[in-house]
Amino acid sequence: MYHPQEINQLNVISFQTNFVRLPNVNFYCQKVNIPSMAIGLAQQPTIFTDIDIEGDTVVFEQLNLSFYVAEDLSNYLEIYNWLLAVGFPDEFPQFSLQDSPTGASGTTNTIKSYMNIILETNKSNPNYNVVFKDAFPVTLGSVELDAAATSLEPIVVDATFAYLGSFSIEKIT
């Protein structure tokens, strides 16, 4: 009978985020996903029925995250201003973003940036680093205000990011 070497499961709360361009979002991040991936299928025709065979292109889902909105809107504005500058700036100062995708060097004034998710062990030690290169925002969810609310729940906003090609998963030693 097979017994795996690792018997501890990954817990849903065992993560940290390290988004270079979004320090305020890091603090308030509530949910983040490791995107799904899929390989396309090709069909080989036969005289009876077509047979699925493996394709040659892997497709990666976008990176999604959810965060509590800070009262001063600092984290919301980080993504809002970035998205505006990438998409369709209204004013010349919004053009100040650099084309350099470095992001990893600590600069927060680039069009693209590195984004990391650090997976932790059950004892809260860093275990794996999931790295997304050249990430940029593509959607920022709405802020839902409700005067008829019966309880004071924090406001949660969703954001979606695209990134270059695939992501990497590296063991932290």
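**Exercise 1.** Is I169 buried, exposed or partly exposed?

Solution. Start with the ground rules. This is a predicted model, where local features need pLDDT of at least 70, side-chain atom pairs count only at pLDDT 80 or more, and totals for chains, interfaces and linings use all residues. Residues are numbered from 1 along each chain as its sequence is written, and side-chain values use heavy atoms, with hydrogens and water left out.

Step 1: Buried means under 20% relative accessible area, exposed over 50%, and partly exposed in between (1.4 Å probe, protein chains only).
Step 2: take the value. I169 has 49% relative accessibility, so I169 counts as partly exposed.
Step 3: I169 is found in strand β9, residues 168–171. Strands (E, at least two residues) and helices (H or I, at least four) are DSSP runs, numbered from the N terminus.

**Exercise 2.** Find the nonpolar surface patch that contains I169.

Solution. Step 1: apply the patch rule. Members have over 30% relative accessible area and no salt bridge; nonpolar side chains (Val, Leu, Ile, Met, Phe, Trp, Tyr) are joined within 5 Å. A salt bridge is a side-chain nitrogen of Lys or Arg within 4 Å of a carboxyl oxygen of Asp or Glu.
Step 1: list the members. I34, Y128 and I169 form the patch, with about 260 Å² of accessible area together.

**Exercise 3.** Describe the lining of the largest pocket.

Solution. Step 1: list residues. The lining includes E6, L119, E120, Y128 and K171.
Step 1: assign elements. β6 (113–120) and β7 (126–140) each supply at least two lining residues.
Step 2: look between these strands. S124 lies in the loop between β6 and β7. S124 has a positive phi of about 65° although it is not a glycine. Most residues other than glycine have a negative phi.

**Exercise 4.** Locate L73 and classify its accessibility.

Solution. Step 1: L73 lies in the loop between β5 (63–68) and α2 (74–87).
Step 1: L73 has 36% relative accessibility, so L73 counts as partly exposed.
Step 2: check the backbone. L73, not a glycine, has a positive phi of about 60°.

**Exercise 5.** Compare sequence and space for V12 and I13.

Solution. Step 1: V12 lies in the segment before β1, and I13 is placed in the segment before β1 (15–19).
Step 1: V12 is exposed, because its relative accessible area is 74%. I13 is exposed, because its relative accessible area is 70%.
Step 2: V12 and E120 are 108 residues apart in sequence, yet 9.9 Å apart C-alpha to C-alpha. I13 and K31 are 18 residues apart along the chain, with C-alpha atoms separated by 8.7 Å.

Key: On a 1 Å grid over the protein atoms alone, a cavity is a set of points where a 1.4 Å probe fits but cannot get out, and a pocket is an open set with protein on both sides within 12 Å along at least five of seven lines; lining residues have an atom within 4 Å of a point. Patches are made of residues with over 30% relative accessible area and no salt bridge: like charges are joined within 9 Å, nonpolar side chains (Val, Leu, Ile, Met, Phe, Trp, Tyr) within 5 Å. Accessible areas come from the Shrake-Rupley method with a 1.4 Å probe; for residues, only the protein chains shown count as cover.
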